[in-house]
Amino acid sequence: MLFRSLNPQPVYYAVGQATVDRLAGEGLTAGTGQDNGSESLLEAMLPLPSEQRILLITGQGGRQLIDDVLKRNGHHLTRCEVYRRQSLVDTSLDRFVQEHSIDTVLITSAQALNALTQSLDRATREHLQLVVMSKRIADIASELDYARVVISNDLRAEALRLAIE
């Protein structure tokens, strides 16, 4: 018993529900914030006692917000970048959106929003409604002059349907 108390089991947290579900499939339980995004995850994590050793698995070049806040709260953080996001600008996307009368686009990251913006003409963007996963992404979309932006904190079909209506 003494060994167990000196060597506690790891605690897992995840930014989004898809990661929570994937960890559950591996038999691991993960905490998450009430909404998607780093800010909500931090709210869930901050009750952790200080001096925790934390391994943050992230994408290359990802946001530093979680790192900064956890370090500021006295945690020992190791960052492990295990994937790279690659933005693909596709100018043929503009024609595709117009030809298929697409009026709503689901955006799950700021990187996806930037790639979309670079791939579409201004006139095409003006007619789109964006469904985004956080207030932060909604704010970026507004800065990029998207007029119709809806926040959905959940990727499940019912939540997306409600956000679009």
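Helix 4 is followed by G74, whose phi is positive, near 85°. Helices and strands here are DSSP runs numbered from the N terminus, where a helix (H or I) has at least four residues and a strand (E) at least two. The model is predicted: local features need pLDDT of at least 70, side-chain atom pairs count only at pLDDT 80 or more, and totals for chains, interfaces and linings use all residues. Residues are numbered from 1 along each chain as its sequence is written, and side-chain values use heavy atoms, with hydrogens and water left out.

- Helix 4 spans residues 65-72, and its buried residues (under 20% relative accessible area, with a 1.4 Å probe and protein chains only; exposed is over 50%, partly exposed in between) are I66, D67, V69 and L70.
- An α-helix has 3.6 residues a turn, so residues three or four places apart point the same way.
- The cover over the buried residues of helix 4 includes helix 3 (38-45), strand 3 (53-60) and strand 4 (76-84).

**The largest pocket**

- The largest pocket holds about 1,800 Å³ of space; among its 50 lining residues, Y13, A14, V15, L56 and I57 are the closest to its centre.
- On a 1 Å grid over the protein atoms alone, a pocket is an open set of points with protein on both sides within 12 Å along at least five of seven lines, a cavity is a set where a 1.4 Å probe fits but cannot get out, and lining residues have an atom within 4 Å of a point.
- Grid points are joined across faces, edges and corners, and a volume is the space filled by probe spheres set on the points.
- At least two lining residues of the largest pocket come from each of strand 1 (12-13), helix 2 (17-25), helix 3, strand 3, helix 4, strand 4, helix 6 (110-119) and helix 8 (135-143).
- Strand 3 gives the most to this lining, with 7 residues.
- The lining of the largest pocket comprises 23 nonpolar, 16 polar and 11 charged residues, where Ala, Val, Leu, Ile, Met, Phe, Trp, Tyr, Cys and Pro count as nonpolar, Asp, Glu, Lys and Arg as charged, and the others, Gly among them, as polar.

**The second largest pocket**

- About 200 Å³ of space lies in the second largest pocket, and of its 12 lining residues, D35, N36, E39, S40 and E43 are the closest to its centre.
- Helix 3 and helix 8 each supply at least two residues of this lining, and helix 3 gives the most, with 3 residues.
- By class, the lining of the second largest pocket has 1 nonpolar, 6 polar and 5 charged residues.

**The cavity**

- The structure holds 1 cavity of 30 Å³ or more, and about 30 Å³ of space lies in the largest cavity.
- The largest cavity is lined by R122, R125, E126, L144, D145 and Y146, of which 2 are nonpolar, none polar and 4 charged.
- D145 lies in the loop between helix 8 and strand 7 (148-151), with a phi near 75°, a positive value in a residue other than glycine.
- D145 is partly exposed, because its relative accessible area is 48%.

- Leaving aside residues up to four places away in sequence, Y146 touches (heavy atoms within 4.5 Å) L113, L116, T117, R125, L130 and A141.

**Individual residues in loops and strands**

- S109 lies in the loop between strand 5 and helix 6 and counts as buried because its relative accessibility is 15%.
- A polar atom of the S109 side chain lies 3.0 Å from the backbone nitrogen of A112.
- S101 lies in the loop between helix 5 (92-99) and strand 5, and its phi is near 50°, a positive value in a residue other than glycine.
- S101 counts as exposed because its relative accessibility is 61%.
- Q129 is found in strand 6 and counts as buried because its relative accessibility is 12%.
- The C-alpha atoms of Q129 and L106 are separated by 8.7 Å, although the two residues are 23 residues apart along the chain.

Key: Polar contact = N/O pair within 3.5 Å; in protein donor to acceptor, adjacent residues only side chain to side chain.
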